[in-house]
Amino acid sequence: MCSVFRVSRAGFYKWTISSPSNRSIENQMIEAEVLQDFENSKKIYGSLRITLELRKKAIRISRPRVARIMRKAKLRSIVKKKFKVTTDKRLTII
């Protein structure tokens, strides 16, 4: 299997016994917070607003990192179309 993936045996076995990195643990914690804020906003908030919500909770994080986490979790904000008037009252025939 190691030859198929072009990985050394020692590297493979070191990977199997290694523990998750601090960054991946932190990303999992932040992903849970992002998901909670996303659900609380009725799936309307994007990465900018969720970043602001996380900063209110004293979590220091950048907007691109939140966007990356949202993309990985397949979270997209719901964007409503703006109302556009299609009729003109002055042109109605009586």
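Student: Why is Lys 56 called exposed?

Tutor: In this predicted model, Lys 56 has a relative accessible area of 66%. Exposed requires over 50%, so Lys 56 is exposed.

Student: What makes Glu 53 and Lys 56 a salt bridge?

Tutor: Their closest N and O atoms are 3.5 Å apart. The cut-off is within 4 Å, and therefore the pair qualifies as a salt bridge. The two residues are three apart in helix H4, which means that about one helical turn separates them.

Student: Why is Glu 53 called partly exposed?

Tutor: The relative accessible area of Glu 53 is 23%. Buried means under 20% and exposed over 50%, so Glu 53 falls in between.

Student: How do you know that Lys 57 and Asp 37 form a salt bridge?

Tutor: The N to O distance for Lys 57 and Asp 37 is 2.9 Å, and the criterion is within 4 Å. Lys 57 lies in the loop between H4 and H5 and Asp 37 in helix H3, so this pair ties together parts 20 residues apart in sequence.

Student: Are Asp 37 and Lys 57 buried, exposed or partly exposed?

Tutor: Asp 37 has 6% relative accessibility; the limit for buried is under 20%, so Asp 37 is buried. Lys 57, at 37%, counts as partly exposed.

Definitions and conventions. Residues numbered from 1 in each chain as written. Predicted model: local features only at pLDDT ≥ 70, side-chain atom pairs only at ≥ 80, totals over all residues. Heavy atoms only, no water. Buried < 20%, exposed > 50% of the residue type's maximum accessible area, 1.4 Å probe, protein only. Salt bridge = Lys/Arg side-chain N within 4 Å of Asp/Glu carboxyl O. Helix = DSSP H or I, 4+ residues; strand = E, 2+ residues; numbered from the N terminus.
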